[in-house]
Amino acid sequence: MFSIKKKLLTAGAAAALAVTLTGCHAVMYFQQEVMGFDASGYVEATLDCQYKAEFQEYKKLTKSTDEEAANIYEEGMEAESISFEYFYNVTLNDDDRAKVIDMYKLLYTKAQYTVGEAVRNKSGSADRYMVEVRVKPLQIFDNIQSDYEVFWEEFSGRYTEEELLAMTNSEQEGYISAYVGGVINLINRHIDTVTYGEETAIQVRVEETTDGFYEMNKQDFQAVDMAIIAY
C-alpha cells in the first residue's frame, strides 16, 4: 500500500510550496532609496519567518502584521505536509496532517542555512540584488532508514494482501493513520540527532517589481526550500 520515493513534486505540489511567496514577501521600494534596503537581512528574515517561526525582523521589513507572518509560517508547514504525502505515497486526513505539520515544525528548528552579503546590480531602471544562501540539508530520511525498514517489516506483516483489499474505507483510514503515526514517531526520535549533508550554495535574486516592491525570486526560494531537507 505504501512506497517511499524521492521528492519528485508535481506542478501542483511545487505550486503549494510557493504559495506563501505570492504577494507576501515584499519590501517597499522607498526603503532602498530613503531608508536603505538590507537585501541580505530581508532574505534571512524571510527564511527565519518561513522555517523557524521567528517573525520580528520579517514584520519590520515587510510591514506585516503578527497574523500575516504567522499565516505565512503555517501555510509553509502545510505545504511541506504535501511533500510528506508524495514521499510516502499516502493521503493525510485532517488529524494526521496536523500531526505531520507539528513534526515538521520541530524538524525545521534544526534547519541550517547562512545568508551572505548582498551584491547590488542596478541596470537602468531595473534593480536587483544577488544574495548567496548556503544550506546544509537535513538528512532525516536517511537517518531513519534502518529503523524504518524494521518498522515496515513489522507493520506490513499485520495483514495479508487479501485482508487489505477487503478493508472498508474506515478500516483503510485507520491503517494509514497507524502507518503515518509510526513514521512520525521514527522522525521525532531522530530529530535531536539529525545529521546534515554537504553544504550547497544557492544564488537568490531579490528583484524590484513593477509596482515598486522588492521580492525574493520565487524559483530561487523554491531551490532553497528543496535543499533544506534531503528527500
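**Close-up views of charges and strands**

**View 1. Glu132, Arg134 and Glu199 form a network of salt bridges.** This is a predicted model, in which local features need pLDDT of at least 70 and side-chain atom pairs count only at pLDDT 80 or more, while totals for chains, interfaces and linings use all residues. Residues are numbered from 1 along each chain as its sequence is written, and side-chain values use heavy atoms, with hydrogens and water left out. A salt bridge here is a side-chain nitrogen of Lys or Arg within 4 Å of a carboxyl oxygen of Asp or Glu. By this rule, the model has 12 salt bridges. In this view, look for Glu199 and Arg134, whose side chains meet at 2.8 Å, N to O. The pair links distant parts of the chain, with Glu199 in the loop between helix H10 (169–190) and E4, and Arg134 in strand E3, 65 residues apart. Helices (H or I, at least four residues) and strands (E, at least two) are DSSP runs, numbered from the N terminus.

**View 2. Arg128 and Glu207 meet in a salt bridge.** Their side chains come to 3.1 Å, N to O. Arg128 belongs to strand E3 (residues 126–136) and Glu207 to strand E4, so this pair ties together parts that are 79 residues apart in sequence.

View 3. Buried means under 20% relative accessible area, exposed over 50%, and partly exposed in between (1.4 Å probe, protein chains only).

**View 4. Strands E4 and E5 make a hairpin.** E4 (residues 200–208) and E5 (residues 213–216) pair in the antiparallel sense over three bridges; two strands pair if DSSP finds at least two bridges between them. Four residues lie between the strands of the hairpin, where Gly212 takes a positive phi near 85°.

**View 5. Asp38, Glu44, Glu54 and Glu117 gather in a negative patch on the surface.** Patch residues have over 30% relative accessible area and no salt bridge; like charges are joined within 9 Å, and nonpolar side chains (Val, Leu, Ile, Met, Phe, Trp, Tyr) within 5 Å. Glu117 sits in strand E2 (residues 112–123) and counts as exposed, at 69% relative accessibility.

Notes
Areas by Shrake-Rupley, 256 points an atom, 1.4 Å probe, with all protein chains shown as cover. Lys, Arg positive; Asp, Glu negative; His and termini not counted. Charge placed at Lys NZ, Arg CZ, Asp CG, Glu CD.
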